[in-house]
Amino acid sequence: MELRARDHVRELTAILSVLSLALVFGAVLGAIPRAVIPQAPESFLNAIPHANAVISTVAIVTIVTGVRFVRRGEVERHQRMMLTSFVLFATFLVLYLYKVVVQGTAEFPGPDAVYQFVYLPTLAIHILLAVVCVPIVYYVLLLALTRPLSEVFNTQHARFGRIAASLWLISFVLGNVVYVLLYVVY
């Protein structure tokens, strides 16, 4: 029996989502031992949040550009922009997880009122959207990658793609707000 990825997009989406989210929550909750991760210089670790802010900003641009391309019927350019967005997301995630495993999560240095009424709600929405976004992005990506372009139009790619792009975009923007609160304002 031939096993084809295109016939198992939902299952692959579930597997990739569970693995990705387990890795994220494992890193954040301290389940990944620091000893198994090679140590980078402090300057590299300190540069990660700033690099990730740039990556997030570029990802916002590539997502918006990708949406504009598909609306104009420029499907191949849309494809390149969305694949670029995914690579940027993966790069962001690897850097973020590395920093979290090695140093832990960042403490909010600002006043308690800003922490409670601005930072925490923004961070919570950012995290919720990022978690919800993971399986949707995988699903849309797998639909596109497992089929010839002519067949993608006969799938749920466009329907879920609109949802994925919207949530992804908001999550990246809120991530940048969190960055600004942590590293620029305070």
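This is a predicted model: local features need pLDDT of at least 70, side-chain atom pairs count only at pLDDT 80 or more; totals for chains, interfaces and linings use all residues.
**Group meeting: a walk through the helices of this model**

Let me begin where two helices meet: in helix 1, Val-9, Arg-10, Leu-12, Thr-13, Leu-16, Ser-17, Ser-20, Leu-21 and Phe-25 are in contact with Val-131, Val-134, Pro-135, Tyr-138, Tyr-139, Leu-142 and Leu-143 of helix 4, where contact means heavy atoms within 4.5 Å, and where helices (H or I, at least four residues) are DSSP runs numbered from the N terminus. Residues are numbered from 1 along each chain as its sequence is written, and side-chain values use heavy atoms, with hydrogens and water left out.

Staying with that pair, the axes of helix 1, which covers residues 9-28, and helix 4 come within 9 Å and cross at roughly 145°; axes here are lines fitted to C-alpha atoms, for helices over the stretch in contact, and the angles run from 0 to 180 degrees between N-to-C directions. The crossing of helix 1 past helix 4 is right-handed, which is to say that the near helix is turned clockwise from the far one by less than a right angle.

Helix 4 itself has 34 residues and spans 46 Å from its first C-alpha to its last, close to the 50 Å expected at 1.5 Å a residue, the expected span being 1.5 Å times one less than the number of residues. At Tyr-119 helix 4 bends by about 35°, and a proline, Pro-121, follows within four residues; the bend at a residue is the angle between axes fitted to the seven residues ending there and the seven starting there.

By nonpolar core I mean a set of buried Ala, Val, Leu, Ile, Met, Phe, Trp, Tyr and Cys residues joined through side-chain atoms within 4.5 Å, with buried meaning under 20% relative accessible area, exposed over 50%, and partly exposed in between, for a 1.4 Å probe and protein chains only.

Which residues does Phe-172 contact, leaving aside its neighbours within four places in sequence? They are Ser-56, Ala-59, Ile-60, Ile-63 and Phe-89.

Ser-85, in helix 3, is buried, with a relative accessible area of 0%, and, not counting residues up to four places away in sequence, Ser-85 touches Ala-59, Thr-62, Ile-63 and Trp-168. Gly-66, found in helix 2, is likewise buried at 0% relative accessible area, and touches His-78, Met-81 and Met-82, with residues up to four places away in sequence not counted.

Arg-34 lies in the loop between helix 1 and helix 2 and counts as partly exposed because its relative accessibility is 47%. Arg-34 and Val-102 are 68 residues apart in sequence, yet 5.7 Å apart in space, C-alpha to C-alpha. Helix 3 is followed by Gly-104, whose phi is positive, near 90°.

Val-180, in helix 6, is partly exposed with a relative accessible area of 34%, and, leaving aside neighbours within four places in sequence, Val-180 is in contact with Val-185 and Tyr-186. Helix 6 also has a kink of about 25°, centred on Tyr-179.
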